[in-house]
Amino acid sequence: MNIKVLDTTLRDGEQTPGVSLTSLDKVIIANQLDEIGIDFIEAGSAITSEGERNAIKEITKQNFNAEILSFSRPLTADIDYCIDCDVDAVNLVVPTSDLHINDKLKSSREKVLDLSNNAIDYCKDHGLTVELSGEDASRSDVDFLKTFYDNAIDHKVDRICICDTVGILNPDSSFDLFSKISCDVSVPVSCHCHNDFGLAVANTLAAIKGGASEFHSTINGIGERAGNTSFEECVVGIDRLYSEFSTNIKINKIYNISKLVSRSTGVHIQPNKAIVGDNAFSHESGIHSDGIIKNSATYEPMTPELVGRKRKFVLGKHIGTKGLNNKLKEWGINVNEKQLKQICDDVKVLADKGKTVSDVDLQVITDNVLQINHEDRIKLNDLTIVSGNKVMPTASVKIVIDGEEILNAGVGLGPVDAAINAVKSLDIFKDINLIEYHVDSITGGTDAFIDVLIKLQKGDKVVSARGTEADIINASVKAYIAGVNRLLGDF
Ligand code: MN
């Protein structure tokens, strides 16, 4: 059975504390959502603001395959704004629990039924498709919930949605509730789950098993409080674990859209997050790496390529000689058994100090063991920074490139930005992109050593490098130059 996906990244996802998307961000994300095969896009809530309406209008202009919805309360004012934005459909959200009806609306079940029925009529009269969401449905009296949806179906609602607004279902109760409602309604049933107990995906899958044919989710599971059902986990879960269900999603584009949403919202993805987390296809342990190299199925339930990713072998204290040798071979370096063991031991010594072993660290260790003297093409001779609350941060650098000393300057938003700009505006750095920048303080106080880990990219080559200094600017520039030296080097 085909399961439809309603994406609410641009509505519930945007309600993540601290997240606000520009119109342009929203249009770019909506484009990707349509491209990846989302069936319904909830573009926002038209009543919210002028800016929100402009974003929704921009999205409805694009002629996407996906149906475009706006969130709406059962009020004429809300619905009029939706009509004004030219959406195809509304997600009409009506509270159904006594808690919400009595304490929030100060109303009664009867009045809520009237409100809902009238709103559906008004929408239908204006040519809108209506998905009716029972807000806090999971804490509502089931008999009232049935009456509520039956009324809506009499008023020609197109789809109904059961919302677990505060995430209190578990897979058993979710299955029961969806089975009870789905078995006697004639329209598609959708499911909207929140992740307060970390069960949103499990509850959504149980809802589908119970009869739901649509689910709401957000990219990376962002949303209010602990978030919503995570799109990527749910879609890949259906694809891999339930042969009786399928979706229209192009799974190999999942990683790209996850990165896009993370960048635009500023909400980082936890490293151990399923499917899209940094570590989801990374292997450090020697035993695992050895197995993976022989047959990836030994320690991976799916290939990274399935979701548009690549496998990573991470260097750390659990690395074995086989995984390490594999990495060195990727770099075109051949070592004998004794050298390999020495490199492995040295990597472990560094890792035991609690450090991530970057590519540049491994290069230095390998160079030492093989007694290779790599002459760095770029060296930093001097770095001066002017910064304060009344001046634009400015940096001047003296850099030696292939033996020739060059003086350069740069400005930036902060001193680190200024220093990196002073370095990278030189010709030799063009085509090199900084794709990741992490700062950690190794000890507690303001006198702490700062560990800067960066990733640089040139074409399809990516390297990680580190700088550790008491001074964050020196650490950043050191990491940057070390990474560039490695990118420009012969291995
Ligand atoms: Mn919600």
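## Strands that pair

Two strands are said to pair if DSSP finds at least two bridges between them. In this predicted model, strand β12, which covers residues 394–401, is joined to β13 by 8 bridges, and the two strands run antiparallel.

## Division into domains

The protein chain is divided into domain 1 (4–265), domain 2 (282–369) and domain 3 (378–490). Between the C-alpha centres of domain 1 and domain 2 there is a distance of 44 Å, and where these two domains meet, 6 residues of domain 1 are in contact with 6 residues of domain 2.

## Helices α3 and α5

Two packed helices are described by the angle between their axes and the distance between the axes. For helix α3 (residues 76–84) and helix α5 (residues 109–125), the angle is about 25° and the axes are 11 Å apart. Because angles under 35 degrees count as roughly parallel, α3 is roughly parallel to α5.

The crossing in which α3 passes α5 is right-handed. On the side of α3 the contact is made by Thr76, Ile79, Asp80 and Ile83, while α5 contributes Ala119, Tyr122 and Cys123. Sorted by class, this contact of α3 with α5 has 5 nonpolar, 1 polar and 1 charged residues.

## Helices α6 and α7

Helix α6 (residues 142–154) and helix α7 (residues 171–182) also pack together, here at an angle of about 40° and with their axes 10 Å apart. This angle makes α6 oblique to α7, and the crossing of the two helices is right-handed.

Which residues of α6 and α7 meet? From α6 they are Val142, Leu145, Lys146 and Tyr149, and from α7 they are Leu177, Lys180 and Ile181. By class, the contact of α6 with α7 has 5 nonpolar and 2 charged residues, with no polar residues.

Terms used:
Residues are numbered from 1 along each chain as its sequence is written. This is a predicted model: local features need pLDDT of at least 70, side-chain atom pairs count only at pLDDT 80 or more; totals for chains, interfaces and linings use all residues. Side-chain values use heavy atoms; hydrogens and water are left out. Axes are lines fitted to C-alpha atoms, for helices over the stretch in contact, and angles run from 0 to 180 degrees between N-to-C directions. Helices (H or I, at least four residues) and strands (E, at least two) are DSSP runs, numbered from the N terminus. Angles under 35 degrees count as roughly parallel, over 145 as roughly antiparallel, 65 to 115 as roughly perpendicular and the rest as oblique. A crossing is left-handed if the near helix is turned anticlockwise from the far one by less than a right angle, and right-handed if clockwise. Contact means heavy atoms within 4.5 Å. Ala, Val, Leu, Ile, Met, Phe, Trp, Tyr, Cys and Pro count as nonpolar, Asp, Glu, Lys and Arg as charged, and the others, Gly among them, as polar. Domain bounds come from an automatic or database domain assignment.
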